[in-house]
Every structure is written in C-alpha cells, then in structure tokens.
Amino acid sequence: APLKMSAKKVAHKLHAVSLIRSGIGKPYWQKRTLEALGLTKLHKMVIHKNTPSVNGMLSSVKELIQIKPVVFRTDVENSPSGGQFYSDSGHFFMHSADSSSDVRAKQ
C-alpha cells in the first residue's frame, strides 16, 4: 500500500482576539483576565502571541471572546492604498515601500 503523505501543519504565531460578550456578571477572575488581555470594550481587537501562558488566559474566557489566527499578506491589489489593515477573514495586509511606489507609477 502506498504511504500517505500528510501536510505538516504549522501553528500560527499570532492571535487576533475580540471581545464579543461582556464580562458583566462574570466572576472577578474572568474580569481580571479580560483586563490583562487588553479587552476592555466590546468588539475591541487585540493581537497576542501564540504562547502557552496567553493560550491559558484565552481558554479561561473562551465563551466571551473570538479568536482568529493572524496571516500576513502583501497583496497590493486587495489592500487599500497606503498603510496596513486587518480584515475580517484574519488577514493582515501590509504595503512595502517598493510595491506602493509601483502602484502609484501604474496609475
């Protein structure tokens, strides 16, 4: 029988965490965890490293938050002119200095 080659899964390095439910009425330790994570307002998004300590904090408030992996992309066609932005799909778009000058030259 032929061997099946499985693609090696690589863990993402950053989490984009959003507060989707309020901490009101929750135990004090969950409120402290939300504050330590920087999640002080609804729908606020913060970026955290994918480390065991952060993952433990996230798991203790998992019913209040939404977690998405951050994927870095440099697609000039899909990103607005000038700057960086984070899309709902979990992609972080960046313009490099060279590519932004090329786009301006084409216009």
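Visitor: Hi! In what order do the strands of the sheet come?
Guide: Hello! In this predicted model, three strands make an open sheet, ordered E2-E1-E3, with antiparallel pairing.

Visitor: Which strands stand at the edges?
Guide: Those are E2, covering 45–49, and E3, covering 65–69. Each has a single partner strand, so one side of each has no neighbour in the sheet.

Visitor: And what does the twist average from one strand to the next?
Guide: The average is 30°.

Visitor: OK, how many bridges join E1 to E2?
Guide: Five, and the two strands run antiparallel. Two examples: Val17 has Val46 as its bridge partner in E2, and His15 has His48 there.

Visitor: How many bridges for E1 and E3, then?
Guide: That antiparallel pairing also extends over five bridges. Val17 turns up again here, with Ile67 as its bridge partner in E3.

Visitor: Is E1 largely enclosed or open, and why?
Guide: E1 is largely enclosed by the rest of the structure, because five of its six residues are buried.

Visitor: Which helix lies across those strands?
Guide: Helix H2 does: it lies across E1, E2 and E3, and runs at about 25° to E1.

Visitor: Let's switch to the core. Which residues make up the largest nonpolar one?
Guide: There are eleven in all: Val17, Leu19, Leu34, Leu37, Leu39, Val46, Val54, Leu58, Val61, Leu64 and Ile65.

Visitor: Which elements give two or more residues to it?
Guide: Strand E1 (14–19), helix H1 (28–37) and helix H2 (52–60) do. As background, nonpolar side chains in soluble globular proteins tend to be buried together.

Visitor: Pick out Leu58 for me. What is it in contact with, leaving aside neighbours within four places in sequence?
Guide: Leu58 touches His15, Val17, Leu37, Ile65 and Ile67. Among them, Val17, Leu37 and Ile65 are also members of that nonpolar core.

Visitor: New topic: where is His43 found?
Guide: His43 is in the loop between H1 and E2.

Visitor: What's its phi?
Guide: Phi of His43 is near 65°, which is a positive value in a residue other than glycine.

Visitor: Is His43 buried or exposed?
Guide: His43 is exposed: its relative accessible area is 63%, and the cut-off for exposed is over 50%.

Technical notes. Residues are numbered from 1 along each chain as its sequence is written. This is a predicted model: local features need pLDDT of at least 70, side-chain atom pairs count only at pLDDT 80 or more; totals for chains, interfaces and linings use all residues. Side-chain values use heavy atoms; hydrogens and water are left out. A nonpolar core is a set of buried Ala, Val, Leu, Ile, Met, Phe, Trp, Tyr and Cys residues joined through side-chain atoms within 4.5 Å. Buried means under 20% relative accessible area, exposed over 50%, partly exposed in between (1.4 Å probe, protein chains only). Helices (H or I, at least four residues) and strands (E, at least two) are DSSP runs, numbered from the N terminus. Contact means heavy atoms within 4.5 Å. Two strands pair if DSSP finds at least two bridges between them. Axes are lines fitted to C-alpha atoms, for helices over the stretch in contact, and angles run from 0 to 180 degrees between N-to-C directions.
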